[in-house]
Amino acid sequence: MDEKKADNSIINTKVEIRHAEDDLFQSKKDLNQLEILESNFSIINKNLNQCIDLLNISVKNKRINNKIQSMCDESFVSYNKAMFNIDEERDMIVEQINEIENKIDLLNEKLKEELNKEEVNEEREEAVETETIEEN
C-alpha cells in the first residue's frame, strides 16, 4: 500500500512540475508579446511625432500650430501612459516567472526526495528478500 502512495506521490509531483513548466512557457511567451507591443508603440510614436513635426513646419498659422502642439502633447502623454502600463505588466510577468521558477525548483527537490525514499524502500525490500532467501 505504501508503494502505491509513493508512486502516486511521484506521479502527482511530476504532473505539478509539468503544469508549472507550461505556466512558465506561457508567461515567457506573454513577456515576449509585451516586448513586441512595446516596440510597436515606440515605432508608432516615433512616426506620429515625425508627422506632427512635418505638419508644424509646413503650417504657418499660429492657431493651427497651437492645435498641432496640443496634439503633440497629447501624444506624448498617451505614449508615456502606455509605456508605464507596459512596464507594470512586465514587472508582474517577471515576478510571476520568478515565482514559477521557484515552484519548479521546490517541486524538483520534492521529487528527488520522493525518488530517494523509493530507492531506500526498494533497497530495504531487497535486503529483506535476500535475508529470507538465505534463511531458507
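Which residue forms a salt bridge with Arg90, and how far apart are the closest N and O atoms? The partner is Glu38, and the closest N and O atoms are 2.4 Å apart. The legends below set this pair beside other close-up views.

The model is predicted, so local features need pLDDT of at least 70 and side-chain atom pairs count only at pLDDT 80 or more, while totals for chains, interfaces and linings use all residues. Residues are numbered from 1 along each chain as its sequence is written, and side-chain values use heavy atoms, with hydrogens and water left out.

**View 1. The salt bridge of Glu38 and Arg90.** A salt bridge is a side-chain nitrogen of Lys or Arg within 4 Å of a carboxyl oxygen of Asp or Glu. Glu38 lies in helix H1 and Arg90 in helix H2, so the pair ties together parts that are 52 residues apart in sequence. Helices are DSSP runs (H or I, at least four residues), numbered from the N terminus. Arg90 counts as buried because its relative accessibility is 18%, whereas Glu38, at 22%, counts as partly exposed. Buried means under 20% relative accessible area, exposed over 50%, and partly exposed in between (1.4 Å probe, protein chains only).

**View 2. The salt bridge of Glu101 and Lys28.** The side chains meet at 4.0 Å, N to O. Glu101 in helix H2 and Lys28 in helix H1 are 73 residues apart, and the pair links distant parts of the chain. Glu101 is partly exposed, with a relative accessible area of 30%; Lys28, at 43%, is also partly exposed.

**View 3. The salt bridge of Glu109 and Lys112.** The closest N and O atoms of this pair are 3.9 Å apart. Both residues lie in helix H2, 3 residues apart, about one turn of the helix. Elsewhere, salt bridges that share partners join Glu38, Asp87 and Arg90 into one network. The structure holds 4 salt bridges.

**View 4. The largest nonpolar core.** A nonpolar core is a set of buried Ala, Val, Leu, Ile, Met, Phe, Trp, Tyr and Cys residues joined through side-chain atoms within 4.5 Å. This core has 11 residues in all, including Leu24, Leu34, Tyr79, Met83 and Ile97. Helix H1 (2-58) and H2 each give two or more residues to the core, and the largest share, 7 residues, comes from H2.
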